[in-house]
Amino acid sequence: MFTDLVLASAHHVLVFGLAAIIAMEAVIVRPDMSGGSARLLSRIDAYYGAAAALVLLIGIARVLFGLKGWEAYVYNWAFWLKMLAFAVVGLLSIRPTMQIRKWRKNADEDAFTPLAEDVAKVRGYILAQIGVFTLIPVLAATMARYGY
């Protein structure tokens with residue numbers, strides 16, 4: 001029972017952290033970004049990847065070692081929709097991460113200013129991530145109420 005509590009708590013804290021990180025990225029990505037902002041964004045994006053990996057690992061541990069048992073998850077349609085939403089968020093994060101890495105390489109230049117079209121694209125992907133990410137807690141609540 002204690003293991004389930006620890007896993008559930010860690011999972012929830014990490015998911016809230018992931019939401020905060022996505023929100024930070026949305027705030028930082030703007031046309032007037034400086035080199036300092038790009039370096040900060042690069043660090044935040046690295047935390048984003050690490051937090052997402054931990055969410056996934058702890059989620060797997062919950063399925064395998066949680067009180068409900070793996071059957072409660074694998075036969076639950078809302079669980080699979082939640083996994084799909086998580087995967088879509090992950091896929092939507094690839095393009096911004098690639099661009100953020102490019103910006104980081106150029107961030108040390110004196111006159112670093114990202115192209116407005118690149119900022120708009122990255123911002124669009126981040127906002128799409130936020131939109132899909134919003135479905136995850138809704139599906140988690142659905143999962144808890146409607147099994148099998």
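How close do the axes of helix H1 and helix H6 come, and at what angle do they cross? I'll start there. The axes of H1, residues 2-28, and H6, residues 116-133, come within 9 Å and cross at roughly 155 degrees. That makes H1 roughly antiparallel to H6.

Before I go on, some ground rules. This is a predicted model: local features need pLDDT of at least 70, side-chain atom pairs count only at pLDDT 80 or more, and totals for chains, interfaces and linings use all residues. Residues are numbered from 1 along each chain as its sequence is written, and side-chain values use heavy atoms, with hydrogens and water left out.

Now the terms. Helices (H or I, at least four residues) and strands (E, at least two) are DSSP runs, numbered from the N terminus. Axes are lines fitted to C-alpha atoms, for helices over the stretch in contact, and angles run from 0 to 180 degrees between N-to-C directions. Under 35 degrees counts as roughly parallel, over 145 as roughly antiparallel, 65 to 115 as roughly perpendicular, and the rest as oblique.

The whole chain next. What does it contain, helices or strands? The chain has seven helices and zero strands. Along the sequence the pattern reads α-α-α-α-α-α-α. The C-alpha atoms fill a box of roughly 55 × 25 × 20 Å, taken along the principal axes. Of the 148 residues, 41% count as buried. Buried means under 20% relative accessible area, exposed means over 50%, and partly exposed lies in between (1.4 Å probe, protein chains only). On to contacts, meaning heavy atoms within 4.5 Å. Take contacts between residues at least 6 apart in sequence: 80% of them join residues at least 24 apart.

Back to H1 and H6. H1 passes H6 in a left-handed crossing. Left-handed means the near helix is turned anticlockwise from the far one by less than a right angle; right-handed means clockwise. Which residues make the contact? From H1 come Val15, Leu18, Ala19, Ile22, Glu25, Ala26 and Val27. From H6 come Arg123, Ile126, Ile130 and Phe133. By class, that contact has nine nonpolar, no polar and two charged residues. Here Ala, Val, Leu, Ile, Met, Phe, Trp, Tyr, Cys and Pro count as nonpolar, Asp, Glu, Lys and Arg as charged, and the others, Gly among them, as polar.

The axes of H2, residues 35-65, and H5 come within 9 Å and cross at roughly 140 degrees. That makes H2 oblique to H5. H2 passes H5 in a left-handed crossing. Ala38, Arg39, Leu41, Ser42 and Asp45 in H2 meet Thr97, Ile100, Trp103 and Arg104 in H5. These residues divide into four nonpolar, two polar and three charged.

Stay with Arg104 for a moment. Arg104 sits in H5, residues 94-106. Leaving out residues up to four places away in sequence, Arg104 touches Ala38, Arg39 and Ser42.

Arg95, Pro96, Gln99 and Trp103 in H5 meet Asp118, Val119, Val122, Tyr125 and Gln129 in H6. By class: five nonpolar, two polar and two charged.

Now charge pairing. A salt bridge is a side-chain nitrogen of Lys or Arg within 4 Å of a carboxyl oxygen of Asp or Glu. How many are there? The count comes to one. The side chains of Arg30 and Asp32 form a salt bridge, 2.7 Å from N to O. Arg30 is partly exposed, with a relative accessible area of 36%. Asp32 counts as exposed, at 54%.

Two last residues. Ala10 lies in H1 and is partly exposed, at 25% relative accessible area. Ala10 and Val55 are 45 residues apart along the chain, and their C-alpha atoms are separated by 8.3 Å. Met1 is in the segment before H1. Met1 is exposed, with a relative accessible area of 79%. From Met1 to Ala72 is 71 residues in sequence and 16 Å in space, C-alpha to C-alpha.
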